[in-house]
Each structure stands twice: as structure tokens, then as C-alpha cells.
Amino acid sequence: RYYYFEVINLNLYSEIENIFPTLESLFSEKDLLKFKNTRIIDLYRYHFGLGTWIRNNLIYPKDSVLCDLFIENGIEQPDDMSSFIIKLFHYYIWNKI
């Protein structure tokens, strides 16, 4: 089970949750099901595809509220930020479909 909500504040969680529909739209139905069925320990496989998209579009922009919220919560490395988002997104998808 995931309990990430216990270690981050609600502002950060809400901001991350708001991007899930955008992330979902990046996948075909088949690929989303494949993502859902990926074991947690194998989510690293999404680091360079989905993770790169997350970093380039959601974390690196200078006006990124998401990045600021991560830093406020002690998560400062962009790779860690995108990894965290991927894990939460996986949990979201697992419970949705």
C-alpha cells in the first residue's frame, strides 16, 4: 500500500492530483493498462519517458508551483520529484481502472 499522503502536505498532494488527468491523456488505453499492471519495483522503467515529460513540462518551468511545493516539502531533486509523481499516479490508476 502507498501512504505518500502521510509525508507530504495537502497543497502538494492536491497539486499533484490535479495533473493526473493530463498524465492519463498521454497514454493509450492499452498502455495505461500496462502501466497499471507494472509492479511498483519496475516503475523505474518510466523514468526516461513519462519522467522526462513530467520534469520538462511540470517541474523545470521557472514558474512551477509544483516544484516550489516539492522544495517546501524537502524534495529538491527533479528526478525524485518525477519519481514521486509516477508512484502516486500509479496508485491513482490502480484504483481507477
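Trainee: Where do I start with confidence, and what is the mean pLDDT of the chain?

Mentor: The model is predicted. Its mean pLDDT is 89. Of the residues in the chain, 92% reach 70 or more.

Trainee: Where does pLDDT stay under 50?

Mentor: Over residues 1-5. For that stretch the model has nine contacts beyond four places in sequence.

Trainee: Next, the secondary structure. How many helices and strands does the chain have?

Mentor: Five helices and zero strands. Read along the sequence, the pattern is α-α-α-α-α.

Trainee: How do I read overall shape, and what radius of gyration does the chain have?

Mentor: Compare the value with the one for a compact globule. With 97 residues, such a globule would have a radius of gyration near 13 Å. The chain has 13 Å, so the two agree. For dimensions, turn to the C-alpha trace. Along its principal axes the trace spans about 35 × 25 × 20 Å.

Trainee: What share of the 97 residues is buried?

Mentor: Buried residues make up 39%.

Trainee: How are two packed helices described?

Mentor: By the angle between their axes and the distance between the axes. Take α1, residues 10-25, and α4, residues 65-72. They pack at an angle of about 145 degrees. Their axes are 9 Å apart. The crossing of α1 past α4 is left-handed.

Trainee: Which residues in α1 and α4 meet?

Mentor: From α1, they are N11, L12, E15, I16 and I19. From α4, they are V65, L66, L69 and F70. By class, this contact has seven nonpolar residues, one polar and one charged.

Trainee: Let me try one residue from that contact. How does V65 count by accessibility?

Mentor: V65 has 46% relative accessibility, so it counts as partly exposed. The cut-offs are under 20% for buried and over 50% for exposed. V65 sits in helix α4. Then check sequence distance against space. V65 and L12 are 53 residues apart in sequence. Their C-alpha atoms are 9.1 Å apart.

Trainee: Now the loop between α2 and α3. Is Y46 buried or exposed?

Mentor: Y46 is buried, because its relative accessible area is 15%. Its place is in that loop.

Trainee: Which residues does Y46 touch, not counting those up to four places away in sequence?

Mentor: Y46 touches F27, K34, F35, T38, G51 and I86. Look at I86 again. Y46 and I86 are 40 residues apart along the chain. Their C-alpha atoms are separated by 7.8 Å.

Trainee: And I41, buried or exposed?

Mentor: I41 is exposed, because its relative accessibility is 63%. I41 is also in the loop between α2 (29-36) and α3 (50-59). I41 and S83 are 42 residues apart along the chain. The C-alpha atoms of this pair are separated by 12 Å.

Trainee: Last, K96. Where is it placed?

Mentor: K96 is in helix α5, residues 78-96. Its relative accessible area is 46%, so K96 is partly exposed. K96 and K36 are 60 residues apart in sequence. In space they are 9.5 Å apart, C-alpha to C-alpha.

Terms used:
Residues numbered from 1 in each chain as written. Predicted model: local features only at pLDDT ≥ 70, side-chain atom pairs only at ≥ 80, totals over all residues. Heavy atoms only, no water. Axes fitted to C-alpha atoms, helices over the stretch in contact; angles between N-to-C directions. Helix = DSSP H or I, 4+ residues; strand = E, 2+ residues; numbered from the N terminus. Left-handed = near helix turned anticlockwise from the far one by under 90°. Contact = heavy atoms within 4.5 Å. Nonpolar A, V, L, I, M, F, W, Y, C, P; charged D, E, K, R; others polar. pLDDT = per-residue confidence, 0-100. Rg over C-alpha atoms; globule rule 2.2 N^0.38 Å. Buried < 20%, exposed > 50% of the residue type's maximum accessible area, 1.4 Å probe, protein only.
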